[in-house]
Amino acid sequence: AYGAGTFIHEHEGQPHNHYFAFSVSDSKLGRDDWYRNPNGQFYMIATHEKEIHMIAKSEQITGFKINPVENGQSVTFEGIATVKHGTNDWEKGWEFTVEAFDFGRQGKGDSIHIMFTSPDGMEHHMEGTLTYGNIVVKK
């Protein structure tokens with residue numbers, strides 16, 4: 001599965017642009033239908049009021065799973081990232097889960113949901129329908 005694009009996430013009543021790219025592949029399928037320790041990368045930049053608010057880059061993708069959904073497929077993947085949030089320095093050890101939806105129409109209607117958990121347990125959710133780009137999920 002792979003994807004890249006932009007989506008708008010509303011936060012505190014304001015729309016914010018988010019940019020992402022990911023790829024996950026090449027792994028053995030486990031009994032739980034998860035592919036463990038795959039090749040992969042995930043990057044995300046979130047802007048608030050035209051300023052960069054958060055940057056994330058994966059250090060490890062720990063697993064992914066392909067799921068059928070109505071009119072398409074989704075991929076869920078998890079991992080560990082290094083994140084720069086607000087004015088803070090880069091911090092290792094953030095956990096993330098991404099669910100990306102491919103509806104097979106060259107990006108039209110594709111969407112993404114991202115959840116980060118900081119090392120101190122604070123959760124950051126962001127989601128939206130792609131305004132540009134495409135998500136491709138193949139089993």
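Reader: How many helices and how many strands does the protein have?
Author: This is a predicted model. From the N terminus on, its elements run β-β-β-β-β-β-β-β-β-β. The count is 0 helices and 10 strands.

Reader: What radius of gyration does the protein have, and what would a compact globule have?
Author: The C-alpha trace spans about 40 × 30 × 20 Å along its principal axes. A compact globule with 139 residues would have a radius of gyration near 14 Å. The protein agrees with that, at 15 Å.

Reader: What share of the 139 residues is buried?
Author: Buried means under 20% relative accessible area. In the protein, the residues that count as buried make up 42%.

Reader: Is Gln60 buried, partly exposed or exposed?
Author: Gln60 lies in strand β6, residues 51–69. Gln60 has 39% relative accessibility, so it counts as partly exposed.

Reader: Which residues does Gln60 touch, leaving out those up to four places away in sequence?
Author: Phe42 is 18 residues from Gln60 along the chain, and their C-alpha atoms are separated by 8.8 Å. The touching residues are listed by contact, meaning heavy atoms within 4.5 Å. For Gln60 they are Asn37, Glu78, Gly79, Ile80 and Phe96.

Reader: Which residues form a nonpolar patch on the surface with Tyr19?
Author: Tyr19 is found in strand β2, residues 14–25. Tyr19 counts as partly exposed because its relative accessibility is 37%. The patch has about 270 Å² of accessible area together.

Note on methods. Residues are numbered from 1 along each chain as its sequence is written. This is a predicted model: local features need pLDDT of at least 70, side-chain atom pairs count only at pLDDT 80 or more; totals for chains, interfaces and linings use all residues. Side-chain values use heavy atoms; hydrogens and water are left out. Patches are made of residues with over 30% relative accessible area and no salt bridge: like charges are joined within 9 Å, nonpolar side chains (Val, Leu, Ile, Met, Phe, Trp, Tyr) within 5 Å. Accessible areas come from the Shrake-Rupley method with a 1.4 Å probe; for residues, only the protein chains shown count as cover. A salt bridge is a side-chain nitrogen of Lys or Arg within 4 Å of a carboxyl oxygen of Asp or Glu. Helices (H or I, at least four residues) and strands (E, at least two) are DSSP runs, numbered from the N terminus. Buried means under 20% relative accessible area, exposed over 50%, partly exposed in between (1.4 Å probe, protein chains only). The radius of gyration is taken over C-alpha atoms; the globule rule is 2.2 Å times the number of residues to the power 0.38.
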